[in-house]
Structures are given as structure tokens and as C-alpha cells.
Amino acid sequence: MKNGKRNTDLRERLLDFSVSVLKFLTTLPYRKEYDVLRFQLSKSATSIGANYEEAQSSTYKEFIQKVRIALREANETKYWLEIIK
């Protein structure tokens, strides 16, 4: 698989993940205690792809930094999903 194809595939998968999380959030009960979970999970899940997207037009050093941010957001997303579980 060529590098460009791999980047496109990851971009699409991250976009699909963000959309899936946002759809999942609509299934949570509409009670006050879930408000913070909806807010934090929506921010962290969509931030993964946004940071990866931004990294695509960065210098090498900036690319590494933005991908690290995306990884931190992915870890945060995992945390919020574990709480919901």
C-alpha cells in the first residue's frame, strides 16, 4: 500500500470514528450526569482526526507534535468510553 493511500485510509477511518462517536452519544440517556460525558467524549473523539488532519500540512517537527496530541486525545477518548461502559 502506498503512503498516500495509507494516509487517506487513516483520515477516512478517523472521520468515520468521529461520526460514530457522535451518533453513539445520542443513545445516552438525557440526564444531567451524562452531560459532562457527552461534552468531553465529543471533544476528545473529534479532536483525534482534527489533529491528524492538521498534521498533514505541517513540518516534520510539527507533524510529530500533532500526532502525539492525537494520541493523547485517543487515550482520553478511551477513558471516557470506559467510564460509560
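1. Helices are DSSP runs of H or I with at least four residues, and strands are runs of E with at least two, both numbered from the N terminus. Read along the sequence, this protein follows the pattern α-α-α, with 3 helices and 0 strands.

2. The model is predicted: local features need pLDDT of at least 70, side-chain atom pairs count only at pLDDT 80 or more, and totals for chains, interfaces and linings use all residues. Residues are numbered from 1 along each chain as its sequence is written, and side-chain values use heavy atoms, with hydrogens and water left out.

3. Taken along the principal axes, the C-alpha atoms of the protein fill a box of roughly 45 × 25 × 15 Å. Of the contacts (heavy atoms within 4.5 Å) with a separation of 6 or more, 61% are between residues 24 or more positions apart.

4. Of the 85 residues, 27% are buried, that is, under 20% relative accessible area with a 1.4 Å probe, counting protein chains only. The protein exposes about 6300 Å² (Shrake-Rupley method, 1.4 Å probe), and carbon and sulfur atoms supply 57% of this area.

5. The protein carries 16 positive and 11 negative side chains; Lys and Arg count as positive and Asp and Glu as negative, while His and the chain ends are not counted. The centres of the two sets lie 3 Å apart, with each charge placed at NZ of Lys, CZ of Arg, CG of Asp or CD of Glu.

6. Asn 75 belongs to helix α3, which spans residues 60–84. With a relative accessible area of 47%, Asn 75 is partly exposed, the class between buried and exposed (over 50%). Phe 17 is 58 residues from Asn 75 along the chain, and their C-alpha atoms are separated by 14 Å.
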